[in-house]
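Hi,

Here's the structure I said I'd pass along.

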Amino acid sequence: RELSLLDQAVQVRELRKRLHERLVKFTCRGNLQYELQASALRWLKERKLFVRCIMFGKDVSDENILDAAAIIDRSEQISFGNCWKVTDNAFVSLSQDFKSIRLVNLSPYSNLSDVAVIALSKACGGLEALNVSSCRNITISSIITLAQNCTRLHSLKLDYISGITDASFVALVQQCPLLQSISLRCCSHLSDLSVNSLAQHCPRLCEANFHGCTRITDESIIVLASACQKLTILSLALCSMVTDAAVLALAQHCSSLRSLNLHACNLITDNSMALLAQQCSGLQRVILKQCRITETSILALAKYCKELKCIALDFNLCVSDSTVSAIAQYCGNLRSLSISGSSNVTDIAIQALARHCPLLHAVNFTSCNRLTDTAIIYLAQHCTALHSVWLDYCILLTDQAFVTLSERCTQLNELHLVGCKLVTDAAVVALCRHASRLRILNLSWCVKLTDLSVQHLTQLAATRRRALSLLELELYGCRAIRDLTAVSTLRSKIGQKRVNMSMSQGLDCLNLD
């Protein structure tokens with residue numbers, strides 16, 4: 001019936017134009033009825049309609065992706081993330097229709113190999129972006145071949161690709177003069193030589209991720225900052241040899257910087273951060289987890305970087321009520337704040353945050369163990385757009401806080417309450433009643449939860465048109481949950497792999513699968 005109505009719509013010129021504008025993405029899933037999916041693909045081809053992005057789900061097979069050849073010749077983006085069943089042979093056959101493809105995503109964890117990348121390099125001369133992160137069967141040699149054939153490449157994601165060395169990376173960047181974005185997360189064999197080559201051959205670079213590239217030092221970052229002054233996004237997380245000298249170079253040359261990640265860069269001090277805040281006042285995202293900065297740096301960032309939308313200060317001893325209040329006062333557009341491990345923060349800081357930052361949508365107060373219901377209730381009342389909340393080990397919180405949170409924050413889709421030992425079934429009942437968009441719920445070590453919580457979660461699943469929207473449910477350590485039948489029913493509604501629990505001693509020895 002729906003296809004019949006669409007048939008009528010595509011005959012009208014104006015409606016056909018609007019339909020084209022809305023056909024942005026088509027997702028192929030192996031668990032859908034095969035004939036229905038094939039029929040939809042044939043219908044699109046016969047009406048000469050196309051979609052910009054085609055995504056293949058984890059259950060698709062070679063047969064499913066070959067059907068997509070019907071509409072792929074005019075698509076611009078294609079994604080094969082988690083496609084374990086798709087083989088190189090099918091990909092090679094499909095790639096013959098990659099006439100208009102500009103972006104290809106093979107991440108994460110596909111079984112495609114260098115054979116697929118070589119085929120891609122031959123079929124997509126106009127390729128602009130490639131993501132092969134975590135693809136264990138793909139090596140740097142095939143990426144170099146692709147770069148030689150695809151001269152328009154401006155974005156590469158090579159996270160967790162084993163075997164990348166300085167020599168191979170230098171050979172790669174020499175083929176990519178238009179490169180604007182590079183991600184090399186945990187490519188631990190790379191050193192300053194690679195970064196220097198990147199700076200030399202890719203002057204248009206705007207985004208660089210060196211997270212976990214532990215051999216990188218100040219020397220190459222100084223060269224990069226001088227050569228690539230259009231840098232807007234930079235991650236040096238876990239680059240433990242980076243010091244103030246690198247940050248000062250960024251402050252001097254990269255005034256357009258919008259995002260900077262210095263997680264666990266323990267050699268960086270207030271000397272560089274204060275100048276960075278003044279020179280890069282357009283910063284919107286700053287990650288300073290586990291850094292040895294003091295309150296001086298945080299106050300400078302709050303004062304000069306008034307466009308800050310995301311700041312992470314986890315496990316920094318200097319975080320207190322005064323620093324959080326300063327951030328709240330100066331950064332009214334704040335969207336995300338993470339201060340886990342800040343045991344000096346009290347209700348006063350959270351109330352100031354709620355008053356000044358009504359657009360907050362994500363907060364992490366893990367182990368802020370002085371917070372009480374008063375702070376969370378006030379936050380829920382003033383920041384109703386909250387969708388991701390971490391309150392693990394906030395041991396003073398009770399049901400009252402979570403009932404208010406579920407009632408006022410209707411967009412809530414991720415909630416972590418690990419170790420909140422005062423939480424009871426009443427909180428879960430409220431979440432089931434009001435938090436209809438919840439996707440991730442972690443109630444591990446909420447030891448007062450009983451079988452009643454499981455029953456309400458199961459009832460919620462049974463009363464919806466579709467299965468329970470939860471993608472992940474954690475109930476480790478909830479030892480008062482003992483009803484094996486209720487647990488099995490809940491798992492059948494949500495999915496076996498989405499419910500993780502190790503409960504009472506009596507259930508630990510049973511196979512719940």
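Predicted model: local features only at pLDDT ≥ 70, side-chain atom pairs only at ≥ 80, totals over all residues.

Leu-153 touches quite a list of residues, even with those up to four places away in sequence left out: Leu-127, Glu-128, Ala-129, Leu-130, Leu-146, Ala-147, Leu-178 and Leu-179. Leu-153 itself is in the loop that runs between helix 8 (140–149) and strand 6 (155–157). Buried or exposed, then, for Leu-153? Its relative accessibility is 1%, so it counts as buried, the cut-off being under 20%.

For the overall picture, the protein chain has 22 helices and 19 strands. Of its 513 residues, 52% are buried. If you take contacts between residues at least 6 apart in sequence, 78% of them join residues at least 24 apart. The accessible surface of the chain comes to about 22,600 Å², and carbon and sulfur atoms account for 49% of that.

Now for two helix pairs. How do helix 14 and helix 15 run relative to each other? The axes of helix 14 (residues 295–304) and helix 15 (residues 321–330) come within 8 Å and cross at roughly 10 degrees. Angles under 35 degrees count as roughly parallel, so that is what helix 14 and helix 15 are to each other. On the helix 14 side, the residues that meet helix 15 are Glu-295, Ile-298, Leu-299, Ala-302 and Lys-303, and on the helix 15 side they are Ser-322, Thr-323, Ala-326, Ile-327 and Tyr-330. Sorted by class, this contact of helix 14 with helix 15 has six nonpolar, two polar and two charged residues.

The other pair is helix 10 (residues 192–201) and helix 11 (residues 218–227), with axes that come within 9 Å and cross at roughly 10 degrees. Helix 10 and helix 11 are therefore roughly parallel too. Helix 10 brings Asp-192, Val-195, Asn-196 and Ala-199 to the contact, while helix 11 brings Glu-219, Ser-220, Val-223, Leu-224 and Ala-227. By class, the contact of helix 10 with helix 11 has five nonpolar, two polar and two charged residues.

Most residues other than glycine have a negative phi, and most peptide bonds are trans. Which residues does a cis peptide bond join here? Ser-107 and Pro-108, with omega at about 0 degrees. Pro-108 is in the loop between strand 4 (103–105) and helix 7 (114–123).

On the phi side, Leu-238 is not a glycine but has a positive phi of about 65 degrees. You'll find Leu-238 in the loop between strand 9 (233–235) and helix 12 (244–253). With a relative accessible area of 34%, Leu-238 is partly exposed.

Ser-367 is not a glycine either, and its phi is positive at about 65 degrees. Ser-367 lies in the loop that links strand 14 (362–364) and helix 17 (373–382). Its relative accessible area is 24%, so Ser-367 is partly exposed.

That's what I have for now.

Cheers

Note on methods:
Residues numbered from 1 in each chain as written. Heavy atoms only, no water. Helix = DSSP H or I, 4+ residues; strand = E, 2+ residues; numbered from the N terminus. Buried < 20%, exposed > 50% of the residue type's maximum accessible area, 1.4 Å probe, protein only. Axes fitted to C-alpha atoms, helices over the stretch in contact; angles between N-to-C directions. Parallel < 35°, antiparallel > 145°, perpendicular 65-115°, else oblique. Contact = heavy atoms within 4.5 Å. Nonpolar A, V, L, I, M, F, W, Y, C, P; charged D, E, K, R; others polar. Areas by Shrake-Rupley, 256 points an atom, 1.4 Å probe, with all protein chains shown as cover.
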